[in-house]
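Biologist: Can you walk me through this one? I'd like to start with the ligand and then move on to the fold.

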Amino acid sequence: MDFEKLACAHVRTLKPYQSARRIGGHGHTFLNANEYHKSQLYFFNSTTLNRYPDCQPFEILAAEADYVGLRPENVLISRGSDEAIGLLIRTFCEEGEGIAIAPPTYGVYAIFAETNRAQVVSVPREKDFSLKAQAVIDTVKNAPFKVKAVFIDSPGNPLGGIFPEDELKTLLTELPDTLIVIDEAYIEFAPQHTRVGLIKDYPNLVVLHTLSKAFALAGIRCGFTIARPEIISYLLKVIDPYPVPDPVAQIARQALARGGIELMRERVAEIVKRREELRAHLKDLPQVTEIFPSEANFLLVRFKDGPAVFQAMGQKGIILRSFADKPGLENCIRITIGSAEELDEVMRTLTALPA
Ligand SMILES: Cc1ncc(COP(=O)(O)O)c(C=O)c1O
C-alpha cells in the first residue's frame, strides 16, 4: 500500500491544529490555554477538569493496544466508533471518491459518506446473506468512482454474522490500495473472530472497536481505530483537538484494566447464554418464521407479520428495532439481549399475541 497517496491531497499537506496540549512544554505555571487554575475550579471537586485533556490520553492508547496485542501507535481513540467512521471518510475520500458497503449493514457508513460528499456503492450479498470477497472485488473494480474504503461489520448489525477470515484475506490481497475497514463493535461476543492480528501482514486493514457494547459504556462515547501507524497519523491530523474528555478517559481506563476486562468477559458469557435461551423460546412461537444466527448481543427474528408484532409490542411499552423496510429483511425485528427480566417480559408479551 502506498501510504503517501492514500489520504486526500489536502490532508497530506495539512498541519494539524497546534493546541496548547499538543505543543506541550515543561514548566510549573501553565498560562497557555486560557484555562482556570485548579484552585479556582468551582463546579466540581476535581483537580483535572479545569484543564483541556490530552488529545489522545496515552494510558488509554496503551491499555487498548495491550488488549488487542499491538502497540499504542496502532491505536486512535475517538468519540465512539461512529466518530472513527466519519474520520476515515473525511481523511481518505476526496470529493467524487467514496466507499463500498454490503447492506443490510450498519446505517452510519452511508449517512456519514453522504454528509461528507463521498459516494456509496453497495455490494450484493448471497441469498443466505453471506458476503463473498469476489462480490466486493467486482463491485469496487466496476464502481463509477474510486472506492477508497470498504466497510464491513463483523459481527454484522443487524445480520449478526462473521465475515470469514479467508474471504477477508482475499479482499486484502486483491484490493491492496483500498482500506478494508472491519467494524468489530460486537467482537467481544465472538472474540475468536477478531482480525486485529492481520494488521501485521496487511497494511490496508483497519479495525474498529468500541466500549459501547460488551463493556456496557455506550454513554461515555469511546471507540478505537486500530491500524498501521501511517494510517493513524493521517487520522490524527483531522481529528478534533480534544476528542476524549477527562471523565471518559478515567472510566475507559477502569474498563480496560485487567479487572475490567475479566468482568466484561463474565457479563458477555451471561448475555450469550441468555441469547441462546431466548432463541430456544422463540423457536416455539407460531408467529416466528426465522431466527438468524447471531454472534452478537441481539437476535434478528423474522415474524409472519413483523410490522404487526412491532406495533403490538410498542403498545405494551416494549421498544424493539424493526428492519421491515430493508430489502431482504421483510418482517424482521432485532431484539437486543437485555436483562433476564426484560427478556421474560418480551416472551410473555409475544406469547400473548395472536398467532
Ligand atoms: C456495527 C456497529 N458499528 C459501530 C457502532 C457505533 O458504536 P459507537 O457507540 O462506538 O459509536 C454500532 C452501534 O450500534 C454498530 O452497530
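Modeller: One definition to begin with: helices are DSSP runs of H or I, at least four residues, numbered from the N terminus. Also, this is a predicted model.

Biologist: Fine. Which helix gives the largest share of the shell around the ligand?

Modeller: Helix α5, residues 80-92, which contributes three residues.

Biologist: Which residues are around the ligand?

Modeller: They are G80, S81, D82, Y106, D153, N157, D183, A185, T210, S212, A218 and G223.

Biologist: And how does that shell split by class?

Modeller: Six are polar, three are charged and three are nonpolar.

Biologist: Changing topic. What is the strand order in the open sheet of four strands?

Modeller: The order is β8-β9-β11-β10, and the pairing is antiparallel. β8 (288-291) and β10 (321-322) are the edge strands, each pairing on one side only.

Biologist: How many bridges join β10 to β11?

Modeller: Two, with β11 covering residues 332-336. R321 has R334 in β11 as its bridge partner.

Biologist: Which helix packs on that sheet?

Modeller: Helix α11, residues 258-283, touching β8 and β9 (298-303). The direction of α11 makes about 150 degrees with that of β8.

Biologist: Now helix α8. Which residues are buried there?

Modeller: In α8 (residues 165-174), L168, L171 and L172 are buried.

Biologist: Why do they line one face of the helix?

Modeller: Looking down the axis of α8, the buried residues fall within an arc of 95 degrees, so they line one face.

Biologist: What covers them?

Modeller: The cover includes α7 (133-142), β5 (179-183) and β6 (205-210).

Definitions and conventions: Residues are numbered from 1 along each chain as its sequence is written. This is a predicted model: local features need pLDDT of at least 70, side-chain atom pairs count only at pLDDT 80 or more; totals for chains, interfaces and linings use all residues. A residue is near a molecule or strand if its C-beta atom, placed from the backbone, lies within 6 Å of it. Ala, Val, Leu, Ile, Met, Phe, Trp, Tyr, Cys and Pro count as nonpolar, Asp, Glu, Lys and Arg as charged, and the others, Gly among them, as polar. Two strands pair if DSSP finds at least two bridges between them. Two residues are in contact if their C-beta atoms, placed from the backbone, lie within 7 Å. Axes are lines fitted to C-alpha atoms, for helices over the stretch in contact, and angles run from 0 to 180 degrees between N-to-C directions. A residue is buried if 20 or more other C-beta atoms lie within 10 Å of its own, exposed if 12 or fewer, and partly exposed in between; C-beta atoms are placed from the backbone. The arc is that of the directions from the helix axis to the C-beta atoms.
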